[in-house]
Each structure stands twice: as structure tokens, then as C-alpha cells.
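Hello,

Here is the structure I promised to pass on. Please have a look, and then read on for what turned up in it.

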Amino acid sequence: MNKKGDILELKIDNVATGGEGIGRIDGYPVFIENCAIGDTVKIKLNVANKNYGKGQVLEVIEPSEHRIEPKCRIYKACGGCQWHHVEYKEQLKYKKIIVDDCFRKFAKINIPIHDVLPSENIYNYRCKVQYPVQQTVNSKRILAGYYRQNSHELINIKYCPIQPTIIDEITEFMRSRSQELGITAYDERTKKGILRHFVFRYGYSNDKIILTVVINTNKSLKCVEDLCYELAEKFPSIEGTLINFNTTHSNLILTNNFELVTGKDHLIEELEGRKFKISAGSFFQVNPSAGVKLFNVVEEMVKTKTENPTILDVYAGVGSFSIWLKDYAKQITAIEYSSHSSVDANENIKLNKAEDKIEYIEGDADVILQDFVSKNISYDVVILDPPRKGCSQEALEATANIADKYIIYVSCNPSTLARDTAILAEMNYTPEFIQPVDMFCHTHHIECVMLFSKNI
């Protein structure tokens, strides 16, 4: 029987949903971070439960043929990425394994899973960055970066290969200049201090940036405004600077309370002829080039399966899918809860001359869907693009009543997608296939599009 503290040697033969490698000792699975399938490693067993263990790599005895020199030197400490040491093509295979594993565990349905569509850019792709800010106790040095995995220990990031390099430059200036201006960082324990987050929105199609400084006050401070003015002057790529006021003392990053300091409060992203206004508080795909692939997958499903359909776009954000599909639909209704996204969506409908095609409704999807059911309103196709937690039981039941022919489910979490697939399968909808898209290179996260057809 293996016990905590044991030193073991094993070979990695699989990958887990959270990105860890899996090795086995007489069938006993051990989960180990920073591994590649094919590695032979010496580990220390840190957790030894009855059914599984967790280990820490002490030595890579024989590396996998797919192990490479990582471009990021701090990825093992930073909680952002897991697989910088693995060849990109192999990462795509891992992600397909993760999707398959989730469906075996949570859906218990055999569904064809297509190969993962790769991202055009595997570095410098991340167009939304949210850095928490902290301050050292003695030197009062300002830190900004990501939390170490499963902790609130901040890793100060000077260089991140998955985001545009200009964000590294701006962040470094903000750290040093904030300290010079005497602007303190928020302390979770004492609830004191000013700076909470630096939030960047980068324009993939135009290299412009909207920068939001999140502060722990209810009103603007001259020192923070001065910082914003200096940033706008020093970095021409900054299209606008904003202050967001957040005194909630929670893990909430942005509230609805913004103040524009310089320039514009939004970007215009242009992708394959479609224009999207994206404000600081709105949701948009963090990897726009992979987002185009995602939109095209959904477009192909609609074009292949239907002709001039009516479409309901639920959890619609700034209207991405609705605008992408406007030329193939008879009529589209979009539902979104966020007021920021709804404002942008209505602007996007005008920008793309789609006023005659798209009706946008702001409100709670669960409530609106139930209202549609009570009024016997139906659509040929319903698109679901919920947050990571997936859809509620009520939303799924309503969707099954509203969708006459097809449901297209877009998900950033294969576990909740698998759970919801099992529910929809019981509601007379057959899952046809899954198309994964790599939106988050070098991480275990994976976006999936799934097509359901109604049993007639």
C-alpha cells in the first residue's frame, strides 16, 4: 500500500481533466502536474487516498518524445498555463482525450468527437487580461500577475508569451509608476489599499487597447486619474482608460460602476467583415482568431442543416453568433443578461446593418425562456452559449420545448457540457457530434460546439 511521502518511479500514460499527467502503480492512479504522456518520472507522493494519489515530479528520468523546452519560464509557478512543455499538436490530442473522458464519466453516451481545431496563433493570442495587484510588506513594491494555482499567492509577471507584448510593457510601467505616485495596493486581509486589478482589452484586428484600473473606493482619486493620463500619453496604442469602482471585498473583478478618464470606453473589433463593439465590461472571445473558427463551425452547422431558419441565441453576449449568422437566418432573437453586453449588442446590430434581422432582449434567460414556452413560441434552431457552470435544468427543459429542429450548444467546460448533454438526450434530443476548438493554447481548457437534433 502506497503512503504519503513515498518516492516512486512511474510512466505517464494519460492526461486528466485538470491537465495533470496520470501514471499508475499496479493500477493505482497517481495525478502529477507538469508531465507529458510518455514521460518516465521519479515522484514524491504528496497525497495517498484510497482510490488515487497525487505526486510531485522530482526528476524526469526519460522524457516523452513530445516534451519541448518551454517558452515560458514561470509557467510551473503561474496558475495560467499547464502545458508549455508539450508540443502543440500533442496538446490538441490531450484536449480531445479530456473531452472524451468527461463524456464517458458524466454523459455515459458514445458521441463522435472530431479532432480539435487548432488556434492560428499559439502565442500572443490572449486579448483579455485581468491582473490582480498586490504590494510587498517591506519594500512596498507593487506586484501584478496571476495567482499560483489553488492559492492567493501572487506571481509577479514580467513576461507572458500568450498575450501581446505591449501588455507586459504597460504593466511594468503601471507597477513602477503606481509606487512612485504612492498608490497602494488592496490587501484582502485588512480590506485597505487602492489598486485591485489591471484589466486589459486588446484589439486583435487593430492593436488598440482599452485599459481599466479597478480601485477599492466609491469615487475617483486624482492620483489614479493622473496615472491614467500618463498611460494614455506614453502608450499610443491605448485607445481609452477607465476606472472601475469595486468595494465589494469579494473575488468579483469588475462592478458595473465605470468612469471614463481618457479616450474611448470600447474597442471595435473587425473579423471577416463583421464589426463588434466591445466595452470594458462586456464578454468577447479571449482568442479572436480561434473565435472566428468557432463562429464558422456554428455557421456551417446552420447552413448544412437548415434553410432560412428562425434562430434563438441564448446567453448572446455582444451578439457574436447572431451577427455571424444574420445572412443565413430568416429571423434571430438574442437574449443576454449583462447590461454592458446588451448595450454593445444593440450597437453591433446597427454597425452590421442587421436591425431587420435581429431582435435583442435584455434579461434573465431562465425567465425569458419560460415565458416563450408559456406563449408557445418556438424556433428552428436554439444556440446555447452559457458560462462555465452550464445551463440550469429549467433552461434545458425550456430549450427542449422551444427548439423545433436543432440545438447548438457552445461550451467552455466539457464537464458541464457532458452533464447537460445527458439531460437533453432524455428530452428527445440526439447529440450528433462534438467539434472542439482550441481557444486557450497551452492550458487544459477547451471550447466545444455540439449539435443536437430533435427526434421526430
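Is the crossing of H2 and H3 left-handed or right-handed? The crossing of these two helices is right-handed (a crossing is left-handed if the near helix is turned anticlockwise from the far one by less than a right angle, and right-handed if clockwise).

Before the rest, a word on the basis: this is a predicted model, where local features need pLDDT of at least 70, side-chain atom pairs count only at pLDDT 80 or more, and totals for chains, interfaces and linings use all residues. Residues are numbered from 1 along each chain as its sequence is written, and side-chain values use heavy atoms, leaving out hydrogens and water.

Helix H2 covers residues 165-180 and helix H3 residues 222-234 (helices are DSSP runs of H or I with at least four residues, strands runs of E with at least two, numbered from the N terminus). They pack at an angle of about 145°, their axes 11 Å apart (axes are lines fitted to C-alpha atoms, for helices over the stretch in contact, and angles run from 0 to 180 degrees between N-to-C directions). On the H2 side, the contact (heavy atoms within 4.5 Å) includes Ile170 and Phe173; on the H3 side, Leu227 and Leu231 are among the residues involved.

Ile157 sits in the loop between strand S8 (154-156) and H2. Ile157 is buried, with a relative accessible area of 3% (buried means under 20%, with a 1.4 Å probe and protein chains only). Among the residues it touches are Ile74, Tyr131 and Arg175, leaving aside residues up to four places away in sequence.

Enjoy exploring!

Technical notes
Buried means under 20% relative accessible area, exposed over 50%, partly exposed in between (1.4 Å probe, protein chains only).
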